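Please go through this model by asking, for each label attached to it, what rule lies behind the label and how the value compares with that rule.

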Amino acid sequence: MKIGKVIGSVWATRKAACLQGQTFLVVESCDGVVVAADQVGAGPGDKVLLATGTVASRYCMDAPVDAAVVAIVDQEGRHVSP
Amino acid sequence: MKIGKVIGSVWATRKAACLQGQTFLVVESCDGVVVAADQVGAGPGDKVLLATGTVASRYCMDAPVDAAVVAIVDQEGRHVSP
Amino acid sequence: MKIGKVIGSVWATRKAACLQGQTFLVVESCDGVVVAADQVGAGPGDKVLLATGTVASRYCMDAPVDAAVVAIVDQEGRHVSP
Amino acid sequence: MKIGKVIGSVWATRKAACLQGQTFLVVESCDGVVVAADQVGAGPGDKVLLATGTVASRYCMDAPVDAAVVAIVDQEGRHVSP
Amino acid sequence: MKIGKVIGSVWATRKAACLQGQTFLVVESCDGVVVAADQVGAGPGDKVLLATGTVASRYCMDAPVDAAVVAIVDQEGRHVSP
């Protein structure tokens with residue numbers, strides 16, 4: 001997964017029927033900006049874990065999405081070299 | 001998903017049998033230009049959500065496509081930092 | 001999908017058993033050069049639609065290929081801004 | 001797979017229910033930094049094999065992860081040209 | 001698929017149980033260096049076809065690998081423009 005930051009939202013009324021009820025967040029990571037489905041309840045500025053590909057679709061009840069927020073990051077620790 | 005803009009169309013008569021009836025749009029996003037199947041009814045200049053990979057194929061009744069337009073974007077909002 | 005141009009062929013005698021009978025074309029797209037299975041009958045110089053990932057494998061009867069030519073492009077039209 | 005080095009960890013309490021019990025490591029490879037689920041027991045500084053995509057999810061009991069540590073590298077040998 | 005060259009090997013004793021018996025080769029392609037499972041019997045310096053993603057896993061009996069050598073290239077021909 002990539003660590004990203006929630007920077008916005010997207011609204012769409014004309015869409016695949018199976019996308020009804022999905023929330024779309026704009027997430028910025030080191031790979032650029034993607035639109036991800038959110039079922040964790042992330043909000044503006046949250047640091048999140050982003051899963052992409054078929055995995056994201058399965059997590060969102062097989063909706064046609066290729067990116068999903070799967071966790072909100074509490075803490076990220078880098079190991080200190082001895 | 002990526003946000004893209006519909007900039008053209010592609011026509012092909014010699015193709016996989018299971019591609020019959022699919023509409024192919026040329027969509028430009030931050031990742032470059034891709035050809036995506038469209039079942040939402042997007043038109044020239046529309047801002048769209050683009051899903052890629054197996055997800056796109058499933059959405060298009062398992063046709064051999066790896067990109068699909070899944071929504072037309074009404075509005076994209078960026079959060080304002082406090 | 002990506003639009004690519006057929007620029008060569010690849011021959012391999014030692015290969016996965018399930019690759020027997022597959023034709024491999026060298027296709028150049030904006031993403032670089034890939035080797036794709038062809039079941040559409042594309043030839044040298046043809047402009048083709050390239051599908052990648054699991055989608056390509058399914059289209060080729062579950063052979064272990066991750067790229068396939070799924071159509072030969074007749075025409076590509078770019079929309080004119082008003 | 002990519003060869004990466006474990007450089008940190010990530011903690012998340014609000015997450016997909018099916019992520020409970022997963023350990024998340026920060027792994028740096030030539031492709032950049034990713035967060036990967038670990039079921040091999042890798043530790044700080046370990047050189048690991050990283051698998052990405054649906055493969056990683058299957059390995060982690062279909063959890064919504066798109067990267068997983070699948071092995072700890074003992075030795076990497078480069079062939080010497082004659 | 002990508003055309004790559006076998007440049008090394010990787011050994012790992014602590015790994016996913018389902019990776020037992022897999023041979024791991026280091027393969028260099030235009031996309032960089034990856035570690036791929038080999039069931040074709042490729043050796044140092046061989047030019048090979050590399051399949052990535054779920055396709056590679058399926059070919060390797062659903063082992064958690066995302067890259068596999070699926071063929072050894074005998075010959076690669078580039079078409080000559082008329």
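**Labels and their rules**

Q: How many residue pairs are in polar contact across the interface of chain E and chain D, and what makes a pair count?
A: Across the interface of chain E and chain D the rule finds twelve residue pairs in polar contact, both residues being at pLDDT 80 or more. A polar contact is a pair of N or O atoms within 3.5 Å, where within protein one must be able to donate a hydrogen and the other to accept it, and where residues adjacent in sequence count only if both atoms are side-chain atoms. This is a predicted model, in which local features need pLDDT of at least 70 and side-chain atom pairs count only at pLDDT 80 or more, while totals for chains, interfaces and linings use all residues, and side-chain values rest on heavy atoms, leaving out hydrogens and water. Residues are numbered from 1 along each chain as its sequence is written, with chains lettered from A and ligands numbered from 1 in the order in which they are written.

Q: Why is the pair D62(E) and R58(D) called a salt bridge?
A: A salt bridge is a side-chain nitrogen of Lys or Arg within 4 Å of a carboxyl oxygen of Asp or Glu. The side chains of D62(E) and R58(D) meet at 3.6 Å, N to O, so the pair qualifies, and the count between chain E and chain D is one salt bridge. Between chain B and chain A the count is also one, formed by D62(A) with R58(B), whose closest N and O atoms are 3.6 Å apart.

Q: How do you know how many disulfides the structure holds?
A: A disulfide is a pair of cysteine sulfur atoms within 2.5 Å, and over all chains the structure holds zero. For C60(D), the closest cysteine sulfur is that of C18(E), 10 Å away, which is too far for a bond.

Q: What is known about the surroundings of D38(D)?
A: D38(D) lies in strand β4 (residues 32-38) of chain D, and its relative accessible area of 9% makes it buried. Leaving aside neighbours within four places in sequence, D38(D) is in contact (heavy atoms within 4.5 Å) with T23(D), L25(D) and V69(D). The side chain of D38(D) also reaches the backbone nitrogen of V40(D) at 2.9 Å.

Q: What does the buried area between chain B and chain A consist of?
A: Buried area is the accessible area (1.4 Å probe) that two parts lose on being put together, summed over both. Between chain B and chain A this comes to about 2,200 Å², of which carbon and sulfur atoms give 56%. In chain B, M1(B), V55(B) and H79(B) lose the most area to chain A, together 31% of what that side buries.

Key:
Helices (H or I, at least four residues) and strands (E, at least two) are DSSP runs, numbered from the N terminus. Buried means under 20% relative accessible area, exposed over 50%, partly exposed in between (1.4 Å probe, protein chains only).
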